[in-house]
Amino acid sequence: MISTPDRCAILAEVLSGFPELGLITSDSLLNLIQTELGSPLVLDGFVNLTGHSKVMAKGPGTILHVISGNVAQPGLLSLTFGLILKAHNLVKLPSHGNDRIIDFINKLPEPFSSSLEIVTHTNPEIIAKADVVIVYGNEETINHFQRVTFGKKALLYGPKLSYGIIFSEEQTKSIYEDAARDASVYNQQGCLSPHVFYVQENGPDSPRAFAEKLAAAMDQFALLNPPTPLSLAESSAVVNLRSAYRFRAANDPRVLIFESKKPVDWTVIFEEESQFATSCLNRTIFVKPFVSIPDLVKATELVRPYLSTIGCAPLTSLTRDDALCLAATRYCPIGKMQQPPLTWHHDGRPNLADLVTWIDIESTPN
Amino acid sequence: MSNPLDARIVAAIQDDNLSVGGFAGLALEIFFYQFEFNLPYRRYCESLGATPLTVKFWEDIPAVPQQAFKDFDLRCFPPELVFKEFHTSGTTNASDPKPGIRQCGVHFLDTLELYEVSLLEGWHRTFERGLFQGAWPLLKSPETFILLVPPVSDAPHSSLSHMMHVVSNYFAPKGSRAFWKEGQLEFQRIVDALHMACDFNDPVFIIGTAFTFVHLIDELHRRGEKIVLPEGSFILETGGYKGRSRELTKAELYSALTTTFGVPDNHLFNEYGMTELGVQFYACGAKGLHTVPPWARVQLMNPSTGKEVANGETGLVRVCDLSNRGSVLSIQTEDAAVRQGAGFQLLGRVSASSRGCSIAADDLLKMQRGQS
């Protein structure tokens with residue numbers, strides 16, 4: 001059996017071909033294990049961590065990973081964690097496939113590659129084989145797996161959304177480019193993608209001016225990174241939203257719309273109404289003003305159950321109390337919304353600690 | 001008739017030989033009128049650079065998104081001249097309810113004349129002189145007419161109820177049979193009426209929304225009953241589920257109607273219309289094409305290019321309807337359809353639900369509905 005440090009070294013080598021995950025090294029994987037489990041050694045044998053017991057952490061025998069189709073990162077990490085924990089991994093790919101996951105599987109050397117098995121169904125027999133089921137998906141998928149995994153350990157990562165806050169103290173010149181990147185990469189398909197940037201009044205830019213500068217940055221980003229072609233449903237959603245807001249903008253000075261010359265590349269909508277607006281995705285972002293954090297709490301009340309990340313510029317303006325009352329599970333700088341660190345608690349949960357079972361051997365009393 | 005344009009619009013609707021030029025000229029005149037009197041629409045047109053000086057072809061008349069009927073009062077007359085209001089029942093997206101913005105679209109009319117002329121002319125064209133002539137004799141006998149839509153007294157702002165009220169008054173002035181009581185379908189009375197039609201071998205013409213038919217099919221299934229209607233019976237469904245029953249595809253619904261009632265596919269019709277429009281489009285059978293009457297045009301737009309799609313391709317339905325004089329005549333819907341020659345095959349609303357753990361506007365609407 002390969003030791004955990006060696007497993008981490010091999011996995012880090014494979015993951016270097018996946019820059020969308022950020023820089024993952026052998027040390028960062030070992031650091032994750034250290035952070036969540038106390039020591040990388042606990043996966044290979046009994047270790048005295050507490051002074052009065054020797055403990056060992058055992059991963060699940062078999063994990064069923066149900067991968068979603070929007071972005072690859074959660075699936076890539078889920079498989080990586082399963083391999084670190086020495087599990088056998090059943091992988092159900094989304095119906096439209098996921099090329100990056102297949103690339104990852106193809107790049108794995110033995111014995112990792114034989115620890116992965118692609119399954120085409122998630123019927124009761126497959127679910128019965130798994131000790132743990134990990135699911136990433138939309139509401140319908142989550143509801144389905146909630147039912148069919150009844151009585152089994154299941155980690156269900158349902159639909160989430162994110163937004164950004166530009167505090168009045170923000171002075172960084174690159175803020176527009178940073179915000180445009182957060183709103184554009186992966187065509188806004190991830191749960192970490194912002195739907196709205198809330199801009200605090202009395203900052204260096206008025207919220208309107210911010211929207212205009214963000215639009216220029218979105219345009220620049222699209223020039224260098226053109227969006228992938230949209231389906232009829234996706235482009236239809238963008239066009240419908242745009243035309244409804246064009247109509248509002250023509251009749252209401254509290255609304256402004258900035259849009260790409262090409263019909264569906266990117267859209268920035270400024271609205272004085274501060275209530276949270278859900279984007280139709282595909283680089284469609286709202287900019288709204290706010291005065292204080294309590295205003296923001298009220299404006300985002302409807303989406304609190306679905307909140308993932310709040311990007312903040314500058315992050316130092318966020319107080320501990322703000323973080324608690326805004327109710328997100330992750331706060332990060334604007335520009336880094338799509339790149340959580342490896343140690344990120346996805347939806348507020350640990351990555352490895354949720355999966356292991358501990359074995360304790362207590363020491364003989366003197 | 002209050003508006004000088006109306007007499008010419010009525011004449012155009014009733015003109016079997018309305019020319020291409022006649023349609024285009026009248027469409028532009030109506031646009032000029034609406035540009036002058038419908039202020040929110042005028043502002044929208046101006047923001048797009050479309051004015052009577054720049055719009056030379058009917059195809060260039062700016063189409064209004066359905067959402068605008070929620071956000072604004074789109075009418076060419078003052079509020080004191082509102083004669084009738086039709087309210088939508090959630091055709092458009094409402095994932096982000098905003099203070100001061102109503103949750104349904106409202107179509108204001110200063111007269112019902114254009115609406116009713118368009119409606120009845122559509123029925124004459126479709127059922128008397130058009131493709132579906134076999135149904136015409138049934139319309140002349142009130143006993144055959146079975147309405148599964150709420151009466152106007154129950155739903156005063158429903159364009160569908162008003163439509164059926166006009167149709168039944170016209171075809172069955174002695175009274176058609178409605179099967180609603182206290183806001184509910186009266187299943188037992190419907191079943192009794194259908195059995196009686198079978199006993200006397202009298203064909204019937206049943207009209208209802210898709211979800212009403214699903215309720216009826218499910219109820220009969222629950223009772224273990226099938227009612228094979230007399231030969232020559234017809235069913236007209238007006239589409240639409242809006243979460244009020246389980247949803248079937250058109251092919252599934254038509255198959256279930258044939259199985260449950262013994263009515264063949266070529267005696268099953270769909271009516272495609274919307275609250276914001278005066279014109280309706282009809283199709284026969286599960287795969288039938290919707291036909292477009294001469295006083296309307298249907299363009300199918302590619303949202304990625306903003307241009308009309310070619311024959312055989314899918315686009316979003318945009319309607320230009322001369323009978324919509326009092327509001328706006330060109331409307332961009334959120335429904336997809338395939339262009340097939342002069343007609344179109346309706347696919348219905350396309351939903352941009354996300355494919356994974358992200359949330360798009362459509363998803364949030366569904367999730368919030370699921371919670372309420």
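How many bridges join strand 4 of chain B to strand 5 of chain B, and do these strands run parallel or antiparallel? Two bridges link strand 4 (residues 145-147) to strand 5 of chain B, and the pair runs parallel. Strands count as paired here if DSSP finds at least two bridges between them. Helices (H or I, at least four residues) and strands (E, at least two) are DSSP runs, numbered from the N terminus.

A quick word on the model itself: it is predicted, so local features need pLDDT of at least 70 and side-chain atom pairs count only at pLDDT 80 or more, while totals for chains, interfaces and linings use all residues. Residues are numbered from 1 along each chain as its sequence is written, and chains are lettered from A and ligands numbered from 1 in the order in which they are written.

Helix 1 (residues 4-13) and helix 5 (residues 113-128) of chain B pack at about 5 degrees, with their axes 10 Å apart. Axes are lines fitted to C-alpha atoms, for helices over the stretch in contact, and angles run from 0 to 180 degrees between N-to-C directions. Helix 1 and helix 5 of chain B are therefore roughly parallel; angles under 35 degrees get that label, over 145 is roughly antiparallel, 65 to 115 is roughly perpendicular and the rest is oblique. On the helix 1 side of chain B, B:Asp6, B:Ile9, B:Val10 and B:Ile13 meet B:Glu113, B:Leu114, B:Val117, B:Ser118 and B:Glu121 of helix 5. Contact means that the C-beta atoms of two residues, placed from the backbone, lie within 7 Å.

Chain A holds eleven helices and 15 strands. Its C-alpha trace spans about 75 × 50 × 35 Å along the principal axes. In chain A, the axes of helix 1 (residues 4-15) and helix 3 (residues 73-84) come within 10 Å and cross at roughly 160 degrees. Helix 1 and helix 3 of chain A are therefore roughly antiparallel. The residues making this contact are A:Arg7, A:Cys8, A:Leu11 and A:Leu15 from helix 1 and A:Thr80, A:Leu83 and A:Ile84 from helix 3 of chain A.

Chain A has an open sheet as well, with seven strands in the order 10-11-12-9-8-13-14 and mixed pairing. Its edges are strand 10 (255-259) and strand 14 (330-333) of chain A, each with a single partner strand, so one side of each lacks a neighbour in the sheet. From one strand to the next, the twist averages 20 degrees. Five bridges join strand 10 to strand 11 (residues 267-271) of chain A, and these two run antiparallel. A:Leu256 stands opposite A:Phe270 in strand 11 of chain A. Helix 9 (residues 232-251) of chain A lies across strand 10, strand 11 and strand 12 (284-290) of chain A, at about 135 degrees to strand 10.

Finally, the two chains meet: 37 residues of chain B are in contact with 47 residues of chain A.
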